[in-house]
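Here are my notes on the model you sent.

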Amino acid sequence: MALGRHTPVMLDEVLAWLAPRPGGVYCDATVGHGGHAEHVLAQSAPDGRLVGLDRDEAALQAARDRLAPFGDRATLVHGAFSAARTILAACGALPCDGLLCDLGVSSPQLDAPERGFSFRAGGPLDMRMDRSRGETAAEALARLGPDELASVLRDYGEERYAGRIARVIHEAVARDEVHTTTELQALVAGAVPTRERHKDPATRTFQALRLLVNDELGELDQLLHDLPDLLKPGGRVVFIAFHSLEDRRVKLAFRGLAAKPDQRFRRLTFKAQRPSAAEVARNPRARSARLRAVERC
Ligand SMILES: C[S@@+](CC[C@H](N)C(=O)[O-])C[C@H]1O[C@@H](n2cnc3c(N)ncnc32)[C@H](O)[C@@H]1O
C-alpha cells in the first residue's frame, strides 16, 4: 500500500547546489517517490539524464509513475546505493555530474503500518526497506542476546537506557509477547524512567532497530567511500541526513575528502544547512534535516 506522497525536503537548496544543466548525468541514490528527481530532470531538459536507485520496490514503482513523462531520460534501478558504482557503470552513467542522497525513510514508508517503521499505528515488526531480502526487526530481536541488543540500542539509537530496555525486550520476546510496533512501543515506554521533550520514549529504540535491519550506516560508509570514483571533475554531491549519527559521518567524510593532498574535492557547505522556518511549518518532517554539499575539483 502506498499512502500519499512524500514532500521533497530542502528542494530549493538541493537544486541550487546540484545545479542540474542540460546534457548532465545525475544520480539520485535514494529516489523514493521521485520528488527531487522530477525537478532535476526538469532543470536538465531537454537531454539531461538521471539514474534513480531505491531499495524499496514500492517506492520505485511510485517513482516510475511520476517520472514517466521524462521517458528514457530517467532510468530506475532496484538496488542499494552501496552498489552505486556497479549500477551506474551498468547504466553508462559513470562518472556523473551530480549525486543526491536524501537519507532515511519516506513519508509513505512511515505512514504504512504494514511496513513496521512507525509505532503510531500497529504493524508487524518488519522495518526492511527492501522486503525481498534480509532479516526483519522481529527476527533480529529473536536472534540477539540482551547484551548485543543493548549495544545496538546504544550505538545506533544513542539510547542511555539501552541495558534496561534490552533486558525488558529480551524477556518479553522470550515469552512470545511482542509482535507489533505498538506492543514494542509500550514495552519500551514502560522501561524508560525519564521523558525527553517532544520525543516518544521509543523513538531511539525504533531508530536503532531500523538502522540495524537495513545496515544503514554500512550503506552510507560505502557510498561515502566510493564518491571519488563516481563524480566527474566539477560534479557535485548533496547529502541530506536526518539524525546526528548519519550527519557526523557525512561531515567527517567530506572534511576528509577536502583535506586530501591531491585536493580532489572542495566543500561547498562548511556548516550543515537547515531547512527554513517556513519549510518546517509546511512540512514538519523536514525539521531535523541537515544538508551538506561538496564538489569534485
Ligand atoms: C527520504 S526518502 C527519499 C525521498 C525522495 N528524495 C523524494 O523526494 O521522493 C529515502 C528513500 O531512500 C531509500 N533508501 C534508503 N537507504 C537506501 C539505500 N541504502 N539504498 C537505496 N535506497 C535507499 C528508501 O527506501 C526511501 O525510499
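1. A nonpolar core here means a set of buried Ala, Val, Leu, Ile, Met, Phe, Trp, Tyr and Cys residues joined through C-beta atoms within 7 Å. Please keep in mind that this is a predicted model.

2. The largest nonpolar core holds 52 residues, and the members that touch the most others are Ala29, Ala84, Leu99 and Val238. Strand E5 (residues 231-241) gives this core its largest share, 6 residues.

3. What does valine 238 touch, leaving aside residues up to four places away in sequence? Its contacts are Val14, Trp17, Leu18, Leu100, Leu291 and Ala293. Apart from this core there is a second, separate one of 32 residues, with Met127, Val178, Val188 and Leu211 among them.

4. The ligand is surrounded by 21 residues, of which Pro8, Thr30, Gly32, Gly35 and Glu219 are the closest. At least two residues of the shell come from helix H2 (35-43), and at least two from strand E2 (49-54). By class, the shell has 7 nonpolar, 9 polar and 5 charged residues.

5. Helices H7 (residues 146-157) and H10 (residues 203-213) pack with their axes 8 Å apart, at an angle of about 95°. Angles of 65 to 115 degrees count as roughly perpendicular, and H7 and H10 are therefore roughly perpendicular to each other.

6. On the H7 side, the contact is made by Val152, Leu153, Tyr156 and Gly157. H10 contributes Arg204, Thr205, Gln207, Ala208, Leu211 and Leu212. The residues of this contact comprise 6 nonpolar, 3 polar and 1 charged. Leu211 of H10 also belongs to the second core.

Note on methods
Residues numbered from 1 in each chain as written. Predicted model: local features only at pLDDT ≥ 70, side-chain atom pairs only at ≥ 80, totals over all residues. Buried ≥ 20, exposed ≤ 12 C-beta atoms within 10 Å, placed from the backbone. Helix = DSSP H or I, 4+ residues; strand = E, 2+ residues; numbered from the N terminus. Contact = placed C-beta atoms within 7 Å. Near = placed C-beta within 6 Å. Nonpolar A, V, L, I, M, F, W, Y, C, P; charged D, E, K, R; others polar. Axes fitted to C-alpha atoms, helices over the stretch in contact; angles between N-to-C directions. Parallel < 35°, antiparallel > 145°, perpendicular 65-115°, else oblique.
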